[in-house]
Amino acid sequence: MTVHKQTGTPKQTGTLNWDDLRIFLELARTGSLSAAARALRISHATVGRRVAALEEGLGRSLVDRRADGYSLTADGEAVLALADGMDERALAILRQVSSQGGRDAGLTGTVRLTTTQALADRFLMPRLGPFRARHPGIDLEVTVDNRSLSLARREADIAIRLARPQRGDLIARRLATMGYGLFAAAGAPDTVIGYDEALAELPEAVWLARHMAGRRVAFRSNSLQTQLAAAKAGFGVALLPFWLAAEEPDLLPVLCDAPPLEREAWLVLHPDLRDVPRVRAVIEHLVALFTAEFAAEFATGPAAAG
């Protein structure tokens with residue numbers, strides 16, 4: 001690709017580099033070098049360099065570089081509108097190739113799963129040994145992220161989310177209902193362990209704000225496992241899923257007259273991958289695992305289950 005430097009509008013010749021365009025699309029969606037780099041699993045310097053190369057090749061400025069991030073110029077908006085559909089079609093080709101390759105390869109290859117930190121560390125990992133023994137040819141890649149990674153953009157093959165997706169052409173299957181209760185260490189003060197302001201809209205945070213209003217919040221964190229650790233350290237009362245609290249003998253249930261909180265765990269995947277053998281094997285194991293492990297007490301609490 002060559003740019004002829006002359007007065008007036010720069011002239012672009014040659015072919016368009018798809019990788020540069022793909023990286024520009026991610027920067028346009030995320031608004032920052034670091035976020036785009038994380039999503040693409042490349043360095044932020046590479047993101048900046050490839051977007052600059054695209055601008056040079058097109059002879060147009062596509063982004064405005066500011067202290068608080070990146071915004072699109074008018075030319076950038078026009079390129080985004082045209083390229084967005086190209087991106088989805090290219091990804092559909094990749095999914096189709098991956099799907100066909102998966103059918104040919106059988107129970108081998110990589111399956112990428114994304115879920116929350118607590119579910120990954122405390123629930124899934126201790127229970128994935130039998131899967132590994134049964135399917136030694138399948139490699140699992142688990143991404144821990146509270147964000148909803150895009151299955152359409154192949155950031156993951158399978159997601160376990162605590163809400164049913166409302167948009168996108170995705171297959172969703174409810175895995176379990178997870179009940180929550182209040183727990184504290186013996187002798188802990190009547191203070192609250194809550195979420196930071198960035199997660200104020202989270203259902204758990206909304207429940208705490210509504211039913212524990214007026215109480216001092218002695219500890220805040222955006223991590224459920226950190227809140228669990230704070231409860232064990234005696235900072236106060238934490239709202240925890242029953243399945244997680246059941247593994248902590250040092251925590252005691254705290255009676256509360258408020259209506260219980262329940263959240264649903266959903267397994268989500270793109271339709272193009274549902275018949276890939278290695279993906280099906282992971283799905284079947286996860287469904288069986290949640291069905292077997294989420295007994296009545298994990299949905300309603302030990303007292304109600306008895």
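Modeller: Happy to! Before we zoom in, remember that this is a predicted model. Trp243 belongs to the largest nonpolar core, which has 57 residues; together with Leu124, Ile158 and Phe290, Trp243 touches the most other members. Apart from that core lies another one, of 18 residues, and among them are Leu21, Leu25, Leu40 and Val47.

Leu40 leads us to our helix. Helix α2 covers residues 33–40, and six of its eight residues are buried, so the helix is largely enclosed by the rest of the structure. Buried here means under 20% relative accessible area. The six are Leu33, Ala35, Ala36, Ala37, Ala39 and Leu40. What do they pack against? Their partners are α1 (18–30), α3 (44–58) and β4 (69–72). Just after α2 comes Arg41, with a positive phi of about 60°.

Now let's step back to the whole chain. Its secondary structure comes to 12 helices and 13 strands. Of its 306 residues, 43% count as buried. Among contacts with a separation of 6 or more, 74% are between residues 24 or more positions apart. Finally, the accessible surface of the chain is about 15900 Å², and carbon and sulfur atoms account for 52% of that surface.

Key: Residues numbered from 1 in each chain as written. Predicted model: local features only at pLDDT ≥ 70, side-chain atom pairs only at ≥ 80, totals over all residues. Heavy atoms only, no water. Buried < 20%, exposed > 50% of the residue type's maximum accessible area, 1.4 Å probe, protein only. Helix = DSSP H or I, 4+ residues; strand = E, 2+ residues; numbered from the N terminus. Contact = heavy atoms within 4.5 Å. Core = buried A, V, L, I, M, F, W, Y, C linked by side-chain atoms within 4.5 Å. Areas by Shrake-Rupley, 256 points an atom, 1.4 Å probe, with all protein chains shown as cover.
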